[in-house]
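Thanks for passing this one along. Here is the structure again, so that we can look at it side by side.

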Amino acid sequence: MRVLVGGGTGFIGTALVQLLKARGHEVTLVSRKPGPDRITWEELASSGLPPCDAAVNLAGQNILNPLRRWNEAFQKEVLDSRLETTQMLATTISKAPQPPKTWILVTGVAYYQPSLTAEYDEDSPGGDFDFFSNLVTKWEAAGKLPGDSTRQVVVRSGVVLGRGGGAISQMLLPFRLGLGGPIGSGHQFFPWIHISDLVGILAHSLEARHVHGVLNGVAPAPTTTNAQFAKALGAALGRPAFIPLPSAVVQAVFGRERAIMLLEGQKVVPRRTLATGYQYSYPKLEDALKDAVA
């Protein structure tokens, strides 16, 4: 297949492009900078969609960048980087003389309300209680195509674990120094997925024509709390991991609203993902972490 990938130069995009090429697909990236096998967002806007069989959007500014203050300007960047790229791809798909057969958008489990008791699958309500859940609602709405000539899939991803990027890259130093531990109370759920499985679900969604609608991009493991995750990461590194990161520090670094993403969590299950027949490579946290820190 000829696959167009928006935001394909980041951590997830790089892994997806590698997997798609290994499976014999041709990949064109949409990115800010021109280059071989690439088009820019400006070229996409002016010239329309290049011929392709499928399109995937992974573009979006990193929300948990600790170097950026959580102010209106950064919030606008977080919103625009997701909504504008998604809207542009959706518009060019709907205007294409021969639209692609498949359109996949990756959003997040922030759609579901943090809770210490609720369990969410793909049909659970959400998307309307804070900045991040509203962001996911707007993001998914921006990607909606009229009609059904193109198969549409939305993957709501959990925290992505893998070598050389994602959440692990920011946690490794304190944990390697033996200074890691749970964040806040540690009781909050921690929905995670290994990068191989997230890109595996995307490739499966591209290739398996029966897949459509919302899939939760989380591991099928029994639910993990933040404290269990910290303990498992410490074990994978052979380091103690019992020094908690107090809520007040997290709020000071990230701002109260953004700190919710770390201090609260959701119990999310991939019911529809499993029902599509996808088989996970890393269903267990210990194995996922062993690989991610290797």
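Below are my notes as numbered points, bearing in mind that this is a predicted model.

1. Let's start inside. The largest nonpolar core has 28 residues, and Val5, Leu16, Leu20 and Val155 have the most contacts inside it. Two or more residues each come from strands S1 (2-6), S2 (26-31), S4 (54-57), S5 (102-108) and S7 (151-157), and likewise from helices H1 (11-22) and H6 (195-207). H6 is the top contributor, with seven residues.

2. Leaving aside residues up to four places away in sequence, Val5 touches Leu16, Leu20, Val27, Thr28, Leu29, Val30, Val56 and Leu58.

3. Leu289 belongs to helix H11 (residues 285-293), where Leu285, Ala288, Leu289, Asp291, Ala292 and Val293 are buried. Among the elements covering the buried residues of H11 are strand S8 (159-161), helix H5 (166-176), strand S9 (192-194) and helix H7.

4. What does the side chain of Asp291 meet in a salt bridge? The partner is Arg163, at 2.7 Å from N to O. Asp291 sits in helix H11 and Arg163 in the loop between S8 and H5, so this pair ties together parts that are 128 residues apart in sequence. Asp291 counts as buried because its relative accessible area is 19%, under the 20% cut-off. Arg163, at 48%, is partly exposed.

5. The search of the whole structure turns up nine salt bridges. One of them joins Arg2 and Asp53, whose closest N and O atoms are 3.4 Å apart. This pair also links distant parts of the chain: Arg2 is in strand S1, and Asp53 is in the loop between helix H2 (41-47) and S4, 51 residues apart. Arg2 is partly exposed at 36% relative accessible area, and Asp53 is partly exposed at 22%.

6. For a local pair, see Asp80 and Lys76, which form a salt bridge with closest N and O atoms 2.5 Å apart. They are four residues apart in helix H3 (residues 72-95), so about one helical turn separates them. Asp80 is partly exposed at 22% relative accessible area, whereas Lys76 is exposed at 51%. Elsewhere, Asp121, Asp123 and Arg271 are linked in a salt-bridge network.

7. A polar atom of the Ser133 side chain lies 2.9 Å from the backbone nitrogen of Phe129. Beyond residues up to four places away in sequence, Ser133 touches Ala110, Tyr111, Gly127 and Asp128.

8. On the surface, Leu173, Leu177, Leu179, Phe242 and Ile243 form a nonpolar patch with about 550 Å² of accessible area together. Phe242 lies in the loop between helix H7 (226-237) and helix H8 (247-254), and is exposed at 63% relative accessible area.

9. One backbone angle to check: Asp37 has a phi near 55°, a positive value in a residue other than glycine. Most residues other than glycine have a negative phi. Asp37 is in the loop between S2 and strand S3 (38-40), and is exposed at 52% relative accessible area.

How values were computed. Residues numbered from 1 in each chain as written. Predicted model: local features only at pLDDT ≥ 70, side-chain atom pairs only at ≥ 80, totals over all residues. Heavy atoms only, no water. Patch = residues over 30% accessible without salt bridge, like charges linked within 9 Å, V, L, I, M, F, W, Y side chains within 5 Å. Areas by Shrake-Rupley, 256 points an atom, 1.4 Å probe, with all protein chains shown as cover. Salt bridge = Lys/Arg side-chain N within 4 Å of Asp/Glu carboxyl O. Buried < 20%, exposed > 50% of the residue type's maximum accessible area, 1.4 Å probe, protein only. Core = buried A, V, L, I, M, F, W, Y, C linked by side-chain atoms within 4.5 Å. Contact = heavy atoms within 4.5 Å. Polar contact = N/O pair within 3.5 Å; in protein donor to acceptor, adjacent residues only side chain to side chain.
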